[in-house]
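Student: Could we go through this model together? I'd like to know what stands behind each label we put on it.

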Amino acid sequence: MAWFSRKKPTAPPPPGERTVRTEGLWEKCPGCSQILWRKTLQENLHVCPKCGYHFKIDALTRVKLLLDGEWEEHDRWMRSLDPLEFTDARPYKQRLATMQEKTKMLDAVISVTGKLHGRVVNLCVLELNFIGGSMGCVVGEKITRAIERSLAQRIPLIIVSASGGARMQEGAVSLMQMAKISAALMRLDEAAVPYISVLTDPTTGGVTASFAMLGDLNIAEPGALIGFAGPRVIEQTIRQKLPEGFQRSEFLLQHGFLDAVVKRSELKSYIAKALNVFCGPL
Amino acid sequence: MSDQPNHTATVPGDNLAWQRVQLARHPKRPHALDYIQRLIRDFQELHGDRRFGDDPAIVAGMGFFEDRPVMIIGQQKGRDTKQKLYRNFGMPKPEGYRKAYRVMKLAEKFRRPVITLMDTPGAYPGVDAEERGQAEAIAWNLREMARLRTPIVCVVIGEGGSGGALGIGVGNRVYMMENAIYSVISPESCAAIIWRDAALAERAAAALKLTAQDLLRLGLIDGVIPEPPEGAHADYDQAAAFLRETLLQALDELARLSPEELVEQRYEKFRKMGNFFTEEPLPDWPF
């Protein structure tokens with residue numbers, strides 16, 4: 001063997017001897033492959049300072065990002081009862097329990113009322129880490145109630161989507177949530193209460209094909225994957241590689257399905273300005 | 001048809017859900033136009049969405065059902081290879097959903113009831129469909145069907161393929177034929193996700209609870225329309241007769257409602273779907 005090949009270490013160093021722990025301090029940007037210090041990243045709203053790549057953020061971080069401070073959470077305890085008694089590799093009930101522990105949420109959406117630049121708004125944010133942000137009966141009901149709350153009190157509604165679509169483990173029950181939410185949005189539309197849909201990476205399937213595309217404004221973060229069918233499904237159908245940038249926010253903007261692509265740092269002020277126009281300045 | 005093998009002979013086993021999947025996709029199963037031919041007098045097809053083009057995967061038109069003027073919309077699969085390609089295997093593109101919407105608005109304007117026949121593996125997952133806003137087209141229909149001021153009766157006659165079917169499926173009454181299926185995902189895709197093996201579709205079919213009886217039990221449809229003993233493919237006329245009976249009754253009931261009541265009834269019907277959660281507080285929940 002070559003003289004420069006590395007010798008195997010005889011034994012791993014005992015854990016106590018390590019003086020510097022670097023795991024978790026750095027993150028590689030999928031956009032530009034730069035190594036970023038995680039603290040810088042956090043301070044920059046989880047956007048790469050070098051190339052502007054928008055990292056995925058969890059629902060709670062999103063709520064903090066958009067609201068002024070205090071907020072009231074709704075339907076906090078709502079959780080699924082497994083309508084199909086679905087079992088795949090393991091029972092759906094178990095999967096739910098694992099997810100609840102991991103994400104510290106009971107299902108894939110958080111529904112809150114708070115202030116955005118001083119204006120009271122209802123905000124729902126989907127949590128991608130909870131079974132892919134998928135929509136089952138709990139997501140469907142919590143969002144529908146948020147819409148009804150907006151309707152009754154004439155408070156603007158903002159929904160931030162990050163989801164793979166309807167939840168397979170709840171079968172046709174999930175599917176019908178698309179119709180339920182869209183019907184509720186019909187009432188909000190008739191009452192002329194503003195609804196702003198924010199699409200983040202990724203938003204696909206039954207979520208895009210229902211409430212995410214029905215905003216008075218549909219806005220998206222840069223580079224987010226947005227579509228009906230996922231790219232892998234399309235590639236299997238047409239048996240070709242998809243072009244770069246296909247189904248990204250900029251692509252949808254170009255094809256006329258988004259009002260704007262808005263950077264994370266400008267999202268809050270963008271929404272505030274839009275609501276000033278729709279509802280009148282505060 | 002008597003020399004045709006019995007369906008149970010071709011799909012052995014006791015997995016009833018999988019048998020129904022096979023029947024719903026049976027190559028000889030009556031398609032939308034087979035029913036329209038038998039149920040609608042003076043049918044005239046209406047083409048195009050006035051935006052982009054005409055989608056052969058959705059047929060829409062007008063005619064008389066038992067002497068009542070109606071508008072009818074159906075997802076259409078092909079029978080032979082040439083037809084299958086022409087109908088895109090029954091997978092609609094955005095222009096199909098927009099055509100359906102246009103015809104529904106016509107129905108509303110002239111106060112005619114709408115009948116929709118759902119039969120699709122799903123909305124077409126292709127580059128052109130995405131470019132023209134497949135998701136937006138379906139979402140739009142979901143919201144606009146909810147406020148249509150005229151009766152809507154929907155029937156899943158074969159495959160109710162997820163959002164692709166639901167895109168014409170928001171009605172005052174929703175029925176399924178006895179051997180139809182209605183699912184959020186195809187058993188093959190479901191198996192591919194769970195077990196990374198599409199061949200396990202049989203197991204997925206059972207897990208997904210996608211038969212008419214399952215959906216009725218879950219409170220998602222209003223009724224199951226019987227089929228001839230061997231399945232709808234064995235006797236088109238008999239299958240159409242069963243469908244006629246149900247449509248007639250539904251349209252009669254809905255004719256008594258005002259436009260406002262129709263919108264209200266449809267809203268309440270979907271509002272109640274999916275009541276499978278609990279809200280009991282968890283005192284031990286640490287977060």
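**Chain against chain**

Tutor: In contact across the two chains are 55 residues of chain B and 64 residues of chain A, contact being heavy atoms within 4.5 Å. This is a predicted model, where local features need pLDDT of at least 70, side-chain atom pairs count only at pLDDT 80 or more, and totals for chains, interfaces and linings use all residues. Residues are numbered from 1 along each chain as its sequence is written, chains are lettered from A and ligands numbered from 1 in the order in which they are written, and side-chain values use heavy atoms, with hydrogens and water left out.

Student: What makes an area between chain B and chain A count as buried, and how much is there?

Tutor: Buried area is the accessible area (1.4 Å probe) that two parts lose on being put together, summed over both. For chain B and chain A that comes to about 5200 Å², with 71% of it on carbon and sulfur atoms. Glu130(B), Tyr267(B) and Arg271(B) supply 13% of the area on chain B's side, more than any other three residues.

Student: Why is the meeting of Arg271(B) and Glu141(A) called a salt bridge?

Tutor: The term needs a side-chain nitrogen of Lys or Arg within 4 Å of a carboxyl oxygen of Asp or Glu. Arg271(B) and Glu141(A) have N to O at 3.0 Å, so the pair qualifies. There are 6 salt bridges between chain B and chain A.

Student: Which element gives the largest share of chain B's side, and how do the residues there divide by class?

Tutor: Helix H7(B) does, with 9 residues; helices here are DSSP runs (H or I, at least four residues) and strands are too (E, at least two), numbered from the N terminus. By class, that side has 34 nonpolar, 8 polar and 13 charged residues. Ala, Val, Leu, Ile, Met, Phe, Trp, Tyr, Cys and Pro count as nonpolar, Asp, Glu, Lys and Arg as charged, and the others, Gly among them, as polar.

Student: What makes strand S4 of chain A and S9(B) a pair?

Tutor: Two strands pair if DSSP finds at least two bridges between them. S4 (residues 79-80) of chain A and S9(B) have 2 bridges, in the antiparallel sense, so they pass.

**Inside chain A**

Student: Why do S3 and S10 of chain A count as edges?

Tutor: The open sheet has 7 strands in the order S3-S5-S6-S7-S8-S9-S10 (chain A), with mixed pairing. Strand S3 (71-74) and strand S10 (260-261) each have a single partner strand, so one side of each lacks a neighbour in the sheet. Further in, S6 (residues 119-126) and S7 (residues 157-163) of chain A pair in the parallel sense over 4 bridges, and Asn122(A) stands opposite Leu157(A) in S7(A).
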